[in-house]
Amino acid sequence: MTTQKNVANKKESNVVAISSFDFEEDADDGVAVAPEDLALPFLKIVSAVDAETLNQLKSIKGNEGVEAGFIYNSVTLDVYNGNDGLKIIPCAYQRRYLQWAPRAEGLKHPVNIFLPNEERPRTERNRETNMDMMVDGPAGHYIQETHNHYVLVVFEGGTTQPGLVSMKQTALKKSRKWNSMVQTRSMVGKNGVFTPPRYSHIYNLRTVKEKNNKGAWDGWEVTVDGPVLDKSIYIQAKAFSASINKGEVLVKYESESETETSGDVPF
């Protein structure tokens with residue numbers, strides 16, 4: 001006869017408690033890996049028409065109340081109420097042009113990625129989908145202008161997390177407005193008025209309901225919160241910015257839901 005012991009109820013009197021100070025002594029040990037082995041989290045908006053993602057997020061314990069307009073982390077699948085939003089520090093910005101194949105081809109990544117100053121295939125705007133379809137080249141391929149905002153999410157208590165807000169289609173106007181907010185920011189120093197670095201201020205990233213004559217959707221809203229006051233957070237943001245500018249941070253693009261890539265999001 002086999003006796004099964006109830007391990008869960010067994011009292012351990014010789015367990016030594018551990019604290020965050022113990023972890024701090026071994027900070028960074030075993031953490032460093034090559035950039036290609038990392039997935040930079042995307043901050044995305046839960047879409048009402050992306051049932052697959054919505055159901056996936058709702059299946060996670062504690063996420064039952066998730067709905068369209070929430071913000072989620074593509075790697076951790078953490079969710080945030082879009083009305084409350086997140087505190088973020090923009091650390092770097094890049095504009096890219098991505099060549100996508102039609103979903104029928106089964107590719108989950110861009111066919112090509114073009115820099116702003118690179119020659120790109122000739123395109124024509126499709127009036128029905130508002131997508132820039134390639135004129136010369138494989139049938140159904142299109143070029144999508146994409147604005148990448150690399151950010152540091154700042155949580156209560158001072159913890160941070162890197163992320164990427166990738167804007168395209170209707171969000172390009174929001175992206176340009178955000179860049180203008182950064183560029184026109186000014187402060188007064190010992191030598192007079194100066195433009196502070198991109199990572200000098202914290203912004204509020206929220207979602208808002210939008211609509212036009214083609215439909216309604218949830219979009220981004222970015223507003224200024226104020227200057228970074230914590231020196232340690234500022235140092236982190238500066239270091240993240242430097243890593244991006246050195247090309248040490250890789251973006252692993254993946255195709256979005258069918259509704260996004262097919263142009264069904266209203267313009």
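Visitor: Which side chains does the polar contact of 3.1 Å join?

Guide: A polar contact is a pair of N or O atoms within 3.5 Å; within protein, one must be able to donate a hydrogen and the other to accept it, and residues adjacent in sequence count only if both atoms are side-chain atoms. Here the side chains of Gln161 and Asn73 are joined by such a contact, at 3.1 Å. This is a predicted model, in which local features need pLDDT of at least 70 and side-chain atom pairs count only at pLDDT 80 or more, while totals for chains, interfaces and linings use all residues. Residues are numbered from 1 along each chain as its sequence is written, and side-chain values use heavy atoms, with hydrogens and water left out.

Visitor: Which residues does Gln161 touch?

Guide: Contact means heavy atoms within 4.5 Å. Not counting residues up to four places away in sequence, Gln161 touches Asn73, Thr76, Tyr80, Val151, Leu152, Val153 and Phe155. Gln161 itself lies in strand E9; helices (H or I, at least four residues) and strands (E, at least two) are DSSP runs, numbered from the N terminus.

Visitor: How many bridges join E8 to E9?

Guide: Two strands pair if DSSP finds at least two bridges between them. E8 and E9 run antiparallel and are joined by 9 bridges. Thr160 in E9 is the bridge partner of Val154. The hairpin of these strands has 5 residues between them, and Gly157 there takes a positive phi near 100°.

Visitor: Why is strand E9 largely enclosed by the rest of the structure?

Guide: Buried means under 20% relative accessible area, exposed over 50%, and partly exposed in between (1.4 Å probe, protein chains only). Strand E9 (residues 160–168) is largely enclosed because 7 of its 9 residues are buried.

Visitor: How many salt bridges does the structure hold?

Guide: Side chains of opposite charge can pair when their charged atoms come close. A salt bridge is a side-chain nitrogen of Lys or Arg within 4 Å of a carboxyl oxygen of Asp or Glu. The structure holds 6 of them. One of these joins Arg122 and Asp136, at 3.7 Å from N to O. Arg122 lies in the loop between strands E5 and E6, and Asp136 in the loop between E7 and E8, so the pair ties together parts 14 residues apart in sequence.

Visitor: Which residue forms a salt bridge with Glu145?

Guide: The partner is Arg176, with the closest N and O atoms 3.4 Å apart. This pair links strand E8, which holds Glu145, to helix H3 (residues 172–183), which holds Arg176, across 31 residues. Arg176 is partly exposed, at 42% relative accessible area.
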